[in-house]
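Subject: Structure for you to look at

Dear colleague,

I am passing on a structure that I have been going through, and I would be glad if you could look at it with the notes below beside you. Please open it first and then read on.

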Amino acid sequence: MEGFVAQNLCNGSREVRIQAATQLGKLNAKQRHKLAERGVIAPLISMLQSQDYEAIEAALFALLSLAFGNERNKIRIVKLGVIPVLLELLQSQNESLTELILASFLVISSCGANKIAIAASGAISVLVKILGGEYDDTDSISMQAKLDAVATLHNLSSCHQIIPSMVSSGIVFTLLPLIHSYEKSSELVDKAMALLEDIIASSENALAQTSGAGDAIRAFVETIEEGTPQCKEHAVGILLLICQSCREKYRGLILREGVIPGLLQLSVDGTWRAKEKAKQLLLLLRDCTSYRSRAKQSKHELVEQIMQEIDAEGEKVMGTKALRLVEDMIAKLST
């Protein structure tokens, strides 16, 4: 079967090649591996350049089948020149092809050996423009395509030498509107928050851009209140980074957005990492003079100490409802 498919892909007519590419996707992993060894990747990439929608779609599915779960094939596909071809195809403005192309970028970007090549191709700028609605007719891009674009950028962000290019592409100013405009509990905001936290944790420029963006702090506070558990974890991590960068500048701004109730709830009900980040941020927002000694306090001691430290400013920011929440937190922690 593999020999028949390989021969048809390399030497067949248009219809035969399309049929062979379709058959490839139905083969098992061992058979697909043998086909890659027999050199079918190059003719599949050639099909992508055919200006024939049916052939392009079949070739994309076949390449995805070859790449999925196979690091060696991912490297081969990139080395044989698929990246510029995929970028050229994105200009077709075809919704179905766009989904397949972005899925292809997601798969090949999961391989560490491909990350630098993808970044060097200019793909980061294209992906950012797609997410920002600046690349051709992006109104028709599906939610899945947007999710794959964010996930691809997240894969690339694990290579720290790529992050400066990501920041210079304007990724911060693209992610923030996404976080603002979509439901805080949505998968897109979850992935956008995860990517943003990774970027600003590695880039002072990205941290400064995020901190200085209008309404960004408010969006993170809203995410702590309304997001998924993972999204809340990323939001509190970002706020902690912002506050740590300049406590004197950002402490008051964060407090004025009413963050305390959400942080207290998170310190009890959040993920393990979110609880730790919430505790650290609460300490920064209250009294940093004894920050180091208090970092080892239990949750009960921490919240009780916060209660004792509420002053006129704190009462003005938090209000009666938040004060009752603190009392509830202490009661819950005591059980």
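The structure, which is a predicted model, holds zero disulfides. Cys 243 is in no disulfide, and the nearest cysteine sulfur, that of Cys 246, lies 8.9 Å away. A disulfide is a covalent bond between the sulfur atoms of two cysteines, and here the pair is counted as one if the sulfur atoms are within 2.5 Å, so the sulfur of Cys 246, at 8.9 Å from the closest cysteine sulfur, in Cys 243, is too far for a bond.

Turning to the overall fold, you will find 23 helices and zero strands in the protein. Of its 335 residues, 51% count as buried, and the accessible surface comes to about 15,200 Å², with 48% of that belonging to carbon and sulfur atoms. If you take the contacts between residues at least 6 apart in sequence, 68% of them join residues at least 24 apart.

In soluble globular proteins, nonpolar side chains tend to be buried together. The largest nonpolar core in this model has 108 residues, and those with the most contacts inside it are Leu 44, Leu 48, Phe 105 and Phe 220. Helix α5, which covers residues 53-67, gives the most to this core, with 10 residues.

Most residues other than glycine have a negative phi. Gln 51, although it is not a glycine, has a positive phi of about 65°; this residue is found in the loop between α4 (41-48) and α5, and at 75% relative accessibility it counts as exposed. Asp 215 is not a glycine either, and its phi is positive, at about 65°. Asp 215 is found in the loop between α15 (204-212) and α16 (216-226), and because its relative accessibility is 46%, Asp 215 counts as partly exposed.

With best wishes

How values were computed: Residues are numbered from 1 along each chain as its sequence is written. This is a predicted model: local features need pLDDT of at least 70, side-chain atom pairs count only at pLDDT 80 or more; totals for chains, interfaces and linings use all residues. Side-chain values use heavy atoms; hydrogens and water are left out. A nonpolar core is a set of buried Ala, Val, Leu, Ile, Met, Phe, Trp, Tyr and Cys residues joined through side-chain atoms within 4.5 Å. Buried means under 20% relative accessible area, exposed over 50%, partly exposed in between (1.4 Å probe, protein chains only). Helices (H or I, at least four residues) and strands (E, at least two) are DSSP runs, numbered from the N terminus. Contact means heavy atoms within 4.5 Å. Accessible areas come from the Shrake-Rupley method with a 1.4 Å probe; for residues, only the protein chains shown count as cover.
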